[in-house]
Amino acid sequence: MKRTHVLAIAVAGALLTGCGSQAGPAAMEGGADGGTRAEDVGGCPLTVAALSEATALTWELREKREDHPLETMESVRATACIYTAADAPQEASDPLALRVDVVTGDGAAKVRKEFEGNCGEFGGKLLDAAAGDGSVLCKRNGTIVEGLVGGTDRLVNVYLVNADRATAAKLTPAFDKILTAVDGA
């Protein structure tokens, strides 16, 4: 767990400081219902409004990368969307970060297999999620900080990147709601 936590922090730091398109205030303005539509945030499958509602935190879409190689499987490309919540500071006062990777085609099966393998390898247990369509959550040490939703053609991997234990525990009950809020879930 410790090794995974340190790796996750390093990956988050690299993503948040790397090059890529950032959503500005105009991209964050909502539609007629006041929420942020997926097309308003460049196709990210989770809106800021839905994420904020599911977690009771104030989120912003910090960065989006198209055709981004996954750090754990560089042959698999994804659309990576990074959200941050400044009202939930973590270690070193960094904002809480949540990453959403959208994988299509052959990469979807590879990501699902790796997710399921890593969950068990690191002492976790797979749980069915309410979002349906084969969605699963990984529960480790009493907390849930990651999940998958989608099928064989399109898979969305959602995970907290740098959550400390207290934040992970607080957001565990909300994780099923986060997966349910993913477009296409």
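I started on strand 2, where Cys81 is the bridge partner of Lys64. Strand 1 and strand 2 run antiparallel and are joined by 7 bridges. For the record, I count two strands as paired if DSSP finds at least two bridges between them. Helices (H or I, at least four residues) and strands (E, at least two) are DSSP runs, numbered from the N terminus.

Ground rules before I go on. This is a predicted model, where local features need pLDDT of at least 70 and side-chain atom pairs count only at pLDDT 80 or more, while totals for chains, interfaces and linings use all residues. Residues are numbered from 1 along each chain as its sequence is written, and side-chain values use heavy atoms, with hydrogens and water left out.

I looked up the strand order next: it is an open sheet of 7 strands, 1-2-3-7-6-5-4, with antiparallel pairing. Strand 1 (60-69) and strand 4 stand at the edges with a single partner strand each, so one side of each has no neighbour in the sheet. On average, neighbouring strands of this sheet are turned by 20° against each other, direction ignored. Axes here are lines fitted to C-alpha atoms, for helices over the stretch in contact, and angles run from 0 to 180 degrees between N-to-C directions.

Helix 4 packs on this sheet and touches strand 3 (96-104), strand 4, strand 5, strand 6 and strand 7 (154-160). I noted an angle of about 25° between the direction of helix 4 and that of strand 5. Contact means heavy atoms within 4.5 Å.

**Strand 5 and its partners**

Strand 4 (residues 125-128) runs antiparallel to strand 5, with 4 bridges between them. I found Val136 in strand 5 as the bridge partner of Asp128. Strand 6 (residues 143-150) also pairs with strand 5 in the antiparallel sense, over 5 bridges, and Glu146 in strand 6 is the bridge partner of Cys138. Strands 5 and 6 form a hairpin with 2 residues between them, and Asn141 in the turn has a positive phi of about 50°.

Is strand 5 enclosed or open? I see 4 of its 5 residues buried, so strand 5 is largely enclosed by the rest of the structure. Buried is under 20% relative accessible area, exposed over 50%, partly exposed in between (1.4 Å probe, protein chains only).

**Disulfides**

My search of the whole structure gave 2 disulfides, a disulfide being a pair of cysteine sulfur atoms within 2.5 Å. Counting bonded cysteines along the chain, the pattern is 1-2, 3-4.

Cys44 and Cys81 form one of them, with the sulfur atoms 2.0 Å apart. The S-S torsion of Cys44 and Cys81 is about -95°, so this disulfide is left-handed. Cys44 lies in the loop between helix 2 (25-28) and helix 3 (48-55) and Cys81 in strand 2 (residues 77-85), so the pair ties together parts 37 residues apart in sequence. Both Cys44 and Cys81 are buried.

Cys119 and Cys138 form a disulfide with sulfur atoms 2.1 Å apart. Their S-S torsion is about 95°, so this disulfide is right-handed. Cys119 and Cys138 are both buried.

**Ala168**

Ala168 is buried, at a relative accessible area of 6%. Leaving aside neighbours within four places in sequence, I find Ala168 in contact with Thr143, Ile144, Val145 and Ala163. C-alpha to C-alpha, Ala168 and Val145 are 6.2 Å apart in space, and they are 23 residues apart in sequence.
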